[in-house]
Amino acid sequence: MLAFVIRRIMQSAAVMLAVALIAFLMFRFVGDPVNQMVGVDTPQEEVARLRESLGLNDPTIVQFGRFIGNALHFDFGVSYQFRQPVTRLLAERAPATLELAFTAAAFALVVGLIMGVYCALRRDSWLAQLFQAISLIGVSLPTFLIGILLIYLFAVVLGWLPSNGRGQVVKIGDWWTTGFLTTSGLRALVLPAITLGLFQMTLIMRLVRAEMLEVMRTDYIKFAKARGLRTRSIHFGHALKNTLIPVITIAGLQLGSIIAFAIITETVFNWPGMGLLFLKAVQNVDIPIMAAYLMLIGLLFVLINLLVDLTYGLVDPRLRIAMRS
Amino acid sequence: MPTPTPEEVKGLVGGGAGSPVIRKILDSDILYSFRSSKLTMLAATIVFLCFFGALFAPWIAPFDPFDPAKVFLSDASIPPVWQQGGDPRFVIGTDDQGRDMFSAILYGLRVSLAVGGLGVLLAAVIGITLGLVAGYMGGRIDAIIMRIADVQLTFPAILIALLIDGVAQGLFRGLPREQSAIPVLVISIGLSFWVQYARTIRGSTLVEKNKDYVHAARLVGLPAPIIMLRHVLPNVIGPVLVILTINLGLAVITEATLSFLGVGLPPTQPSLGTLISIGNKYLFSGDWWIVAFPGATLAILVLAVNLLGDWLRDALNPRLR
Amino acid sequence: MTEPVISVRDLRVEFVTRKGILKAIDGVSFDIMPGEVLGVVGESGAGKSVTGSAIIGLIEPPGRIAGGEIRLHGQRIDNLDPEAMRRIRGRKIAMIFQDPLTSLNPLYRVGEQLVETILTHTDLSPPAARARAIDLLNEVGIPAPERRIDGYPHEFSGGMRQRVVIALALCAEPDFIVADEPTTALDVSVQAQIIALIRKLCRERGTAVMLVTHDMGVIAETADRVAVMYAGRVAEIGPVRDVVKHPLHPYAKGLMGAIPTLEAEAERLVQIPGSMPRLSNIPQGCAFNPRCDRVFERCRVERPDPDTPRFGLEGEAPLMPGHRVACHLYTRNPVENAS
């Protein structure tokens, strides 16, 4: 087990190193960082001194080492646009994105699971067919279009829900702000969370349906039926538990995608999160923010992957054995 | 064993005109399965109309939305003809600049399909090349290519496209957006979608390279690139058709998303995504048609392409994941 | 005379497919007495397993019971509603599946699966159910059951898992067990142990068993009576010694001839030419007629029903009571016989 964990951590570190290399190359070679910091009329000696003090004349490998060293201290330099430390900019916006992403993920998981189980157990009912049709459309509609549609329906025509912003937020601790504690914050969360979660929801629904139909055909389910176990126990005990294992993996991995896809949703709803910050960085070629965001998302993906692999082992007793050896 | 005829030798060495894809299409019940599915026929019709409209936009469109001499601000924001204030010249209304929506959508379709199509083609070329090389050469080259593919696959394509777009903008800083936008988008999409081709091609190449015709070609002393291109490629290219179709839908969405996010095509050269992005600003003033028609066009196009892709996958059944 | 535990009359099972209706079971009848083991043999697709599934009420769409009756202690069970049938499953009728590796849910401990089954069918308290589960494991010959009860299925060997499966089938002391190829997936050395176990439990508890297998050796060792099935029909049924030693139906003869014996080891195994017809394409008359070396006109036209043979052919040994065969060779007019 320990060997397995160590091996997985090593792999994760290797992936992070690769991501860091890309981030560094972007940082170092896409647009000269010095040109971003100085004005047009800055004297040449000043530029050269700045270049030297930033260490840009050192060998590339040394610079890369320094980049990683700084990254380990969460130091990604100063944003070209805002003239502020990138880390602080990201940290200010992280709560908004994380709250949105987790709400969307919870929505996708719960609704997708229920719909998927329903579609598997009542395969031929009209509602299941409807869910299937919706899922096909859900996969085909771009996220931003769904967002616009929801805004038009619920904000413009019906006027039930706000169309942008986070509503009123409450400060918790030093830097975390939450929208969960106010009515306007919760109301503001509804449309963005649905928009962001809809695609993953259809994905989870299809996955659960396919997986559960597969499990229902297995011998142990037939044997459970032959033993006269209650239908509810067979469906929601035996079949669902076995269905959930692959679903955990995919759903876990989707959490990372949700945070990345938040860029689009945040733009549509003008949600003050990291995605919006990143988009502005792309529009203005603000490389430090792009590099930091890339590292952040990379770290997130690697951590989620690691976590999914490890929980996988906890849920499935067969793998626990495999890992021990 | 009798001496093989030249045709047999050609068959043994693979490739040629009798490419497996074409043979498969002619032999299988594809045509039958196509005709038996009304939904697929509808989807194919829609896709065909979209391509046709995009290709011949300058001749079909009643207006040239990019000719400043023919666009008048006095015509701005006219609703569709069936609403009050509609103008029979503009059947589905005009946008904020006074451009005919129908014409703008046709031209937008043209840009969207061009970018999406070129993007997936580039992705296919990159993916097929890397997949062939990885599968045929094996060893360290294979390991490196596939590791890169693995890492890239953990990130959503849209994020990668955004990053590449940002980097490319940094590199093409001098060029005006009108000129750089299309190449940057095509490269972004190409670099975001190559992995699936590479994996599929590598998989089938690994199988093919141990077959007799490859051994034969190697014995004859053909150089590796020739064997890969002329002999292995025609035998592994089948599934690519399906991936191309499925990815076309994704690529069109990606382009639209990037344009919507403001890093794609500029308003002077609008794609469907740009049109939606423009229209989105007028949603609150009640000018719903400016966003609704490009949005519906995009949704229907992607849905149709996806349906076609699903059908093609089931019909060819190359055991895609 | 005692009443049969299970009585099947003219059972018909169909599968509705795009290409038409397949008759998987077509007019099968038999009885099983308390404590009796009925062996059912035949090639794959002969309808052995489908018969078992029909009795336990687990024919899934597109399959359906198209006719006939199944009675448990004289009461019809083929037309019960699903909930009533569920209460019978596991409690009155149990089933043992072919592959012990896949019949146990890998994510649940063996004990959890036993206790759940016991609690479903009895009024025992959870601790009492656990005690009973340990007793059952002990009874089916699992060493150190107090400890093994908390193991996961993958921690058991194939033979041990099949013992667990049997223990699961015995949870509610059923009167009748369908054992669907219970030894096929096991090592030869383990097969005998499992067969002995089934035999022993059957004797001690008076449980009736329908033993589905294509292994004639298993039948000869275990069964009291045997039914030979072919293309969804019973070709021959009777006491096991009688049928094995003196098969009447040409198909049964071929099947018995295919059993390797020690004496005949050196000889080539007998083969029946051809293969069983597809269910979509069962010939008219006797289903076996295209492969039969003694076929005559009537076989191609009229379907034979299982019946007590009127004429022993070639001066066969006297028949035991209850030996019936579905073959025109034994029912036809002696005058035709001469031609």
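Modeller: The domain assignment of chain C gives domain 1 (6–228) and domain 2 (249–338). Keep in mind that this is a predicted model. Where the two domains touch, domain 1 of chain C gives 12 residues and domain 2 of chain C gives 10 residues. Start with the domain 1 side. Two elements of chain C, β2 (20–32) and α9 (216–222), each supply at least two residues there. The largest share comes from β2(C), with 4 residues. By kind, the domain 1 side that touches domain 2 of chain C divides into 6 nonpolar, 3 polar and 3 charged residues.

Now turn to another contact of chain C, the one with chain A. Here 21 residues of chain A are in contact with 24 residues of chain C. On the chain A side, the elements giving two or more residues are α9 (219–226), α10 (231–268) and α13 (317–324) of chain A. The largest share of that side, 7 residues, comes from α9(A). The chain A side divides into 7 nonpolar, 6 polar and 8 charged residues.

Last, pick out one residue of chain A. Ile248(A) is found in helix α10 of chain A. Ile248(A) counts as partly exposed, because it has 16 C-beta neighbours inside 10 Å. Follow the chain from Ile248(A) to Val308(A), and the two are 60 residues apart in sequence. In space, their C-alpha atoms are 7.4 Å apart.

Definitions and conventions. Residues are numbered from 1 along each chain as its sequence is written. Chains are lettered from A and ligands numbered from 1 in the order in which they are written. This is a predicted model: local features need pLDDT of at least 70, side-chain atom pairs count only at pLDDT 80 or more; totals for chains, interfaces and linings use all residues. Two residues are in contact if their C-beta atoms, placed from the backbone, lie within 7 Å. Ala, Val, Leu, Ile, Met, Phe, Trp, Tyr, Cys and Pro count as nonpolar, Asp, Glu, Lys and Arg as charged, and the others, Gly among them, as polar. A residue is buried if 20 or more other C-beta atoms lie within 10 Å of its own, exposed if 12 or fewer, and partly exposed in between; C-beta atoms are placed from the backbone. Domain bounds come from an automatic or database domain assignment.
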